Amino acid sequence: MGLNLQEEYNNTNIQGVIDQLEEDLVGLAPVKARIKEIAALLLVQRLRKNLGLGSPGTGKTAVATRMADILYKLGYIEKGHLITVTRDDLVGQYIGHTAPKTKEVMENQREDLVVIFAGYKDRMDSFYESNPGLSSRVANHIDFPDYTADELIQIGRLILEEQQYRMTPDAELLLREYIEKRRQMPLFANARTMTNAIDTARMRHANRMFNSGNKVLTKSDLVTIQAEDIRESSLFSEISGV
C-alpha cells in the first residue's frame with residue numbers, strides 16, 4: 001500500500017495554519033522551523049496509524065515499579081502500584097510548610113506505604129546530608145552504574161521496536177558513534193540521552209518523509225530510520241568544527 005504524504009498534507013490544510021503563523025509573527029525563524037518539524041512528525045504519525053503502526057533514564061522508575069510489584073506479591077503491601085511524586089508534590093506553598101506536607105503524604109497510608117527515594121547520586125548525597133539520620137533509616141541503597149555503549153544501543157533498539165520503527169545497519173553504526181561522542185560531553189544522561197536521540201531521529205525522519213514531495217511512500221519508508229537521520233545531529237558538525 002502506497003501513501004502520498006503531500007496529498008495528505010494538503011487535505012489537512014496545515015499549510016494554512018503555517019502561513020498564518022508567518023503572517024502573524026515577525027522573525028522567530030527557529031520557532032517557526034520547529035513548529036513545522038513537529039507538524040511533519042505528527043503528520044507521519046497519522047500515516048503510520050493508518051497503516052496500523054504504533055505511536056510513539058537509567059531505569060530508576062522502572063526498577064521502582066518492579067520493586068512495588070515484588071512487595072505486593074510477597075504480601076508486604078496491599079496494592080502493587082507505584083505512585084511517583086516529585087519535588088512539586090511535596091514542597092509546601094510557604095516556608096515551614098514542606099515538612100508537614102511531606103509527613104501528611106507519608107503518614108496517610110503508613111501501614112501500606114513503602115517509600116523509594118530515587119535520583120542522581122550527587123543530589124541524593126546532598127539530600128541525605130540535609131536530612132541527618134535519614135540515610136541510616138533507609139535499609140537498602142542501590143547505585144545505578146552508567147550503561148555501556150552496547151547496552152545503550154540495545155536500549156535504542158528496544159525503544160524503536162516498541163514504537164514500531166527500525167534502523168538500517170549504517171544508522172545503528174552512526175548512533176553508536178553519536179553515543180560514544182555524547183558521553184564525553186556534559187549532561188550525558190544514559191538512557192534518557194538515548195531516548196532523546198531516538199526522538200530527534202524520528203523528527204528528522206518525519207521531515208525527510210515530508211520533503212519527499214509527491215513520492216509514494218511505502219510502509220518500509222515510514223518505519224525505517226536511515227543513517228542521514230542520525231548524521232544530521234549538530235553533535236557531528238560541532239565535533240568536526242563545521
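## Helix packing and selected residues in a predicted model

Histidine 205 has its place in helix 11, where helices (H or I, at least four residues) and strands (E, at least two) are DSSP runs numbered from the N terminus. This is a predicted model, in which local features need pLDDT of at least 70 and side-chain atom pairs count only at pLDDT 80 or more, while totals for chains, interfaces and linings use all residues. Residues are numbered from 1 along each chain as its sequence is written, and side-chain values use heavy atoms, with hydrogens and water left out.

Histidine 205 counts as buried because its relative accessibility is 0%; buried means under 20% relative accessible area, exposed over 50%, and partly exposed in between, with a 1.4 Å probe and protein chains only. Not counting residues up to four places away in sequence, histidine 205 touches Val44, Tyr165, Asp221, Leu222, Val223, Thr224, Ile225 and Asp229, a contact being heavy atoms within 4.5 Å.

Alanine 206 also has its place in helix 11, and alanine 206 is buried, with a relative accessible area of 0%. With its neighbours within four places in sequence left aside, alanine 206 is in contact with Ala40, Leu41 and Val44. From C-alpha to C-alpha, alanine 206 and isoleucine 225 are 9.6 Å apart in space, and they are 19 residues apart in sequence.

Threonine 224, one of the residues that histidine 205 touches, is placed in strand 4, which covers residues 224-225. Threonine 224 is buried, with a relative accessible area of 8%, and its contacts, not counting residues up to four places away in sequence, are Arg166, Thr168, His205, Arg208 and Asp229. The side chain of threonine 224 also reaches the backbone oxygen of serine 220 at 2.6 Å. Such a polar contact is a pair of N or O atoms within 3.5 Å; within protein, one must be able to donate a hydrogen and the other to accept it, and residues adjacent in sequence count only if both atoms are side-chain atoms.

### Packing of the helices

| Helix pair | Angle | Axes |
|---|---|---|
| Helix 9 (residues 149-162) and helix 10 (residues 169-182) | about 130° | 10 Å apart |
| Helix 9 and helix 11 (residues 191-210) | about 45° | 10 Å apart |
| Helix 2 (residues 14-24) and helix 3 (residues 29-50) | roughly 170° | within 11 Å |

Angles under 35 degrees count as roughly parallel, over 145 as roughly antiparallel, 65 to 115 as roughly perpendicular and the rest as oblique. Helix 9 and helix 10 are therefore oblique to each other. Where they meet, Ala149, Asp150, Leu152, Ile153 and Arg157 in helix 9 face Glu172, Leu175, Arg176, Ile179 and Glu180 in helix 10. The residues of this contact of helix 9 with helix 10 divide into 5 nonpolar, no polar and 5 charged; here Ala, Val, Leu, Ile, Met, Phe, Trp, Tyr, Cys and Pro count as nonpolar, Asp, Glu, Lys and Arg as charged, and the others, Gly among them, as polar.

On the contact with helix 11, helix 9 brings Leu152, Ile153, Ile155, Gly156, Ile159 and Leu160 to meet Ala191, Met194, Thr195 and Ile198. The residues of the contact of helix 9 with helix 11 divide into 8 nonpolar, 2 polar and no charged.

Helix 2 and helix 3 are, by their angle, roughly antiparallel to each other. Ile14, Ile18, Leu21 and Glu22 in helix 2 meet Lys32, Ile35, Lys36 and Ala39 in helix 3, and the residues of this contact divide into 5 nonpolar, no polar and 3 charged.

### Loop residues

Most residues other than glycine have a negative phi. Glutamine 164, in the loop between helix 9 and strand 2 (166-167), has a positive phi near 60°, and glutamine 164 counts as partly exposed at 34% relative accessibility. Asparagine 190 lies in the loop between helix 10 and helix 11 and has a positive phi near 55°, and at 6% relative accessibility asparagine 190 counts as buried.

Aspartate 143 is found in the loop between helix 8 (134-137) and helix 9, and aspartate 143 counts as exposed at 57% relative accessibility.

Notes: Axes fitted to C-alpha atoms, helices over the stretch in contact; angles between N-to-C directions.
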